[in-house]
Amino acid sequence: SGSSDPYCVVKVDNEVVARTATVWKSLNPFWGEEYTLRLAHDFHNLDIYVLDEDTIGQDDVIGKVSLSRQQISAEPRGVDSWISLAPVDPNEEVQGEIHLELCIPEHPRVLRCRLIEARDLAPRDPSGTSDPFARVSCCGHTLETAVIKRTRFPHWDEVLEFEVAEDKQGDAVLSVEVWDWDIVGKNDFLGRVEFPLDTIRATPSKGWFQLLPFPSATEAHGAQLGALRLAVRLVEDTVLPHLYYQPLIQLLAESILCPAQPATGTALAILEEVTSGESRQDVATKLVKIFLAQGLAVPLLDYLTTRELARTTDPNTLFRSNSLASKSVEQFMKVVGLPYLHEVLKPVVNRIFEEKKYVELDPGKMELSRSRRVRISFKGSLSEAQVRESSLELLKGYLGDIVDAIVGSVEKCPLLMRVAFKQLRRRVEERFPSEQHEDVRYFSISGFVFLRFFAPAVLTPKLFSLREHHADPRTGRTLLLLAK
């Protein structure tokens, strides 16, 4: 069809840790999915594979992006860019570790390599196993271990020795490769690891070492496969016992519990001043969680919104910026109101996904030919007016159901949300009391409830856990028009 059904698989050290939803019929997919992965301190690689889902047969691998721990750690603010996809040859994908003991005794000068075992090797045979053996090379000499049949966890416990001449010690390297032995055809590569002799001489090595692929020579092909936009950040958090955080929590809470303090000198006021745009979401998320746990979420929002009201001179711009107040209210609604959101929107959203009706209002995007029509009951070619009329009826029907569900859900709206918005309405009335600003009290609330709560959930239901998968292009267009 000239398109793909792409999804991503995230691996850490060859272990699958996440899978995105599939975006159907698209060569320019948007996922917008975020994962928080708790990793071991000694992890090596983060790999993201882009695949094309097939209903029949095996999914096709389009390409991958590989980031080492060093690459991610080198960027304090994280990696955030387009990265070209590299080709993937299934026979060159490696995984697993090898257990080695390496040393160079002074007398005699011999490199002793003890190959103990390997684990979690890639399966290369139809049986789901491999027939692994190790090949060790140093100073122009190569030795091999025995082949262990039908296993991904071979145990060799063999010692291979190499004479190390004085004149060949400079840049010499010990190479250990693991291969899958095949009785017919060439052997399959399973991974490798290298050690400069100087490091072995200085410190004998013993332990588990991750198997690595051959250095890639396929970087230039990336542009042909497309690129993946990633934002990856490595954060190391040290979590202390709860009591260590109490002084900080008390300091933050004093801002709203002791109104006699000067408003500009409180901990919350200072935090608001120093919080940059890119970190505002993180700060808002943490503040809402802390104050919810203290039973002080509503006073927190009242404090932040009151400060923003004091800074606002034009009521038409109220809460339109991504300030700490706006982000905190938005996060508060997500935490407190997600079950409510599901109860209100899920029936209508599910119906839109199931019906897959054709909806379009833009004349430049309309499909008027009969051959491209789906689920439209007119006969022959359609006129612009007919498509617009049909689309308007469908949109009005869906939108009517959504509005009816919202209006009829007053009693189901979480009490905390209702109390928070009642307080917000009172503060807005105090700040803009004149009759010409009478509607501002309602706009201030609808700006949050609709623009930052219901509309985004209608636009991308997957990001609010309303659906397991993203919408196909046709359904996505309907959702976009409804959200607008």
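Which residues are linked with Arg307 in a network of salt bridges? Select Glu272, Glu273 and Arg311 along with Arg307, and you have the network. A salt bridge here is a side-chain nitrogen of Lys or Arg within 4 Å of a carboxyl oxygen of Asp or Glu.

Before going on, some ground rules. This is a predicted model, where local features need pLDDT of at least 70, side-chain atom pairs count only at pLDDT 80 or more, and totals for chains, interfaces and linings use all residues. Residues are numbered from 1 along each chain as its sequence is written, and side-chain values use heavy atoms, with hydrogens and water left out.

**Stop 1: helix H7**

Select residues 297–311, which make up H7. Helices (H or I, at least four residues) and strands (E, at least two) are DSSP runs, numbered from the N terminus. The end C-alpha atoms of H7 are 22 Å apart, which agrees with the 21 Å that its 15 residues should span at 1.5 Å a residue; the expected span is 1.5 Å times one less than the number of residues.

Now colour by accessibility: buried is under 20% relative accessible area, exposed over 50%, partly exposed in between (1.4 Å probe, protein chains only). Eleven of the 15 residues of H7 are buried, among them Leu300, Tyr303 and Arg307. Show H4 (246–257), H5 (267–274), H6 (280–293), H8 (324–355) and H10 (415–431) to see what the buried residues pack against.

**Stop 2**

The structure holds 26 of them. Start with Arg119 and Glu97, whose closest N and O atoms are 2.8 Å apart. Arg119 lies in strand S7 (residues 110–119) and Glu97 in strand S6 (residues 97–103), so the pair ties together parts that are 22 residues apart in sequence.

Next, pick Lys412 and Glu343, which meet at 3.5 Å, N to O. Lys412 sits in the loop between H9 (384–407) and H10, while Glu343 is in H8, 69 residues apart. Lys412 is partly exposed at 48%, and Glu343 is partly exposed at 47%.

Then go to H10 for Arg426 and Glu430, four residues apart, about one turn of the helix. Their side chains meet at 3.1 Å, N to O.

**Stop 3**

Colour by pLDDT, the predictor's confidence in each residue, from 0 to 100. The chain mean is 86, and 91% of residues reach 70 or more. Select 217–222, where pLDDT stays under 50, then 370–379, where pLDDT also stays under 50. Where pLDDT is low, the predicted coordinates should not be read in detail.

Conventions: Contact means heavy atoms within 4.5 Å.
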